Amino acid sequence: MKKDGYYSSGEFARMAHVTLRTIRYYDKQDILKPSFVTEAGARFYTDEDFARLQQILLLKYLGFSLDDIREMTIDDSDYHFMLNSLNIQLKLVKDKIEQMQLVEKAIEDTASAIQTEHTIDWSNMLNLIHLTNMEKSMKNQYQNASNISARISLHSLYSQNKEGWFPWIYRQCKIRPSMKVLEVGCGDGALWTENLARLPQNISVTLSDISEGMLRDARRATGASDRRFSYRRFDCRKIPFEASSFDLVIANHVLFYCENLPSVCREIKRVLKPGGRFICSTYGKKHMQEVSSLVQSFDERIVLSADKLYEKFGRENGAEILSPFFSEVSWISYEDSLFIPEAEPLISYILSCHGNQNQYILEHYKEFRSFVSKKTKNGFSVTKDAGIFVCAN
């Protein structure tokens, strides 16, 4: 018997303008499961299932495989997840547009060379082939952007400190007109997009990242026409600038990801002007400890980070690591905590971590969602233990 608010597989397929065969295939591939299955095996879908189908069809249109899509989507139609998903999908579409524009130019350049020189520029053709195989990097970019968005969202929604993290960092930078600034590992440029109104006109800011996708997001967010910003892709173990180039270098939650910290510190010291400053943020061992305890109480096998990043570079050992390279090193804490009254942003944050959580959560997602909902019913408090080291050259 059909339940109110539910559509049969055929009705759902017609409403979505796809074939019934497609709906059945997505079901079989565990990409889009029905919301209700009768004892006789009849499958039914709801309006909420359209959000999931929308993600699938858009990602398929962009060229992702079904295996990729299975990893990139989550079966939750809460508005937090939907809004985050739509924002990330919008970034993907913009990335695809930029890529296709590059493909268009490569084809035009190659055709022009054939017409004028009666020969083929093989380098252009190889570039074209490379450009048309960017889906793997787009998948990584999607996942990275989604993870960053989930983390920023949790903190922006529920931080008790009314001065947000990025405005606080900016204030500590003490930026003045005519300064030359370098940010290593800029990510999507959030430090600058949240402080554009405060930034002097007469200033030079170089944003760098090892990820071309992150730089693309940063360029798009800060405004490609804003001449205060320039963008460079490089590994911060080898910074491609002359000695004494910058008044200020910033590394926001970056150093604990670096392979060779002494090399990175030497390079940053080298490109800093005499009297320049290096500001680098990190966190301590108490940071977000309640979240780790929460997931382990659901399944003790879950570890939210394969590496304890604060052990590589954290509040407790950062001064010892930095002191051999800089004349003065001091710590400033960002006084804050989280009070989380609902489950969805916390779940998004948990799924964004670099550990093994998806291995144990996604197969029991509804159970986990119910578990977190109960824990957040009366509010869930989380310790934050983060701040910056300020180093003088």
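Which residue in β7 does L182 stand opposite? Before selecting anything, keep in mind that this is a predicted model, in which local features need pLDDT of at least 70 and side-chain atom pairs count only at pLDDT 80 or more, while totals for chains, interfaces and linings use all residues. Residues are numbered from 1 along each chain as its sequence is written, and side-chain values use heavy atoms, with hydrogens and water left out.

**Stop 1: the mixed sheet**

Select strand β4 (residues 180-184) together with strand β7 (residues 246-252), which pair in the parallel sense over 4 bridges; here L182 stands opposite V249 in β7. Strands are DSSP runs of E of at least two residues, helices are runs of H or I of at least four, both numbered from the N terminus, and two strands pair if DSSP finds at least two bridges between them.

Now widen the selection to the open sheet of 7 strands, whose order is β6-β5-β4-β7-β8-β12-β9 with mixed pairing. Its edge strands are β6 (229-233) and β9, each pairing on one side only, and the twist averages 20° from one strand to the next.

Angles run from 0 to 180 degrees between N-to-C directions, with axes fitted to C-alpha atoms, for helices over the stretch in contact, where contact means heavy atoms within 4.5 Å.

**Stop 2: an aromatic pair**

Next select W165 and Y334, whose ring centres are 5.2 Å apart with planes at 80°, so the pair is edge-to-face. Rings of Phe, Tyr and Trp (its six-membered ring) pair if their centres lie within 6.5 Å, and planes under 30 degrees apart count as stacked, over 60 as edge-to-face and the rest as tilted. W165 belongs to helix α8 (residues 165-173) and Y334 to strand β9 (residues 328-334), 169 residues apart. The structure holds 19 aromatic pairs.

**Stop 3: two helices**

Move to helix α1 (residues 9-16) and helix α3 (residues 49-61), which pack at an angle of about 55° with their axes 12 Å apart. That makes α1 oblique to α3, since angles under 35 degrees count as roughly parallel, over 145 as roughly antiparallel, 65 to 115 as roughly perpendicular and the rest as oblique. Show the side chains of F12, M15 and A16 in α1, which meet D49, F50 and L53 in α3.

**Stop 4: the antiparallel sheet**

Finally, select the open sheet of 3 strands, ordered β1-β3-β2 with antiparallel pairing. In β3, F44 is the bridge partner of S8.
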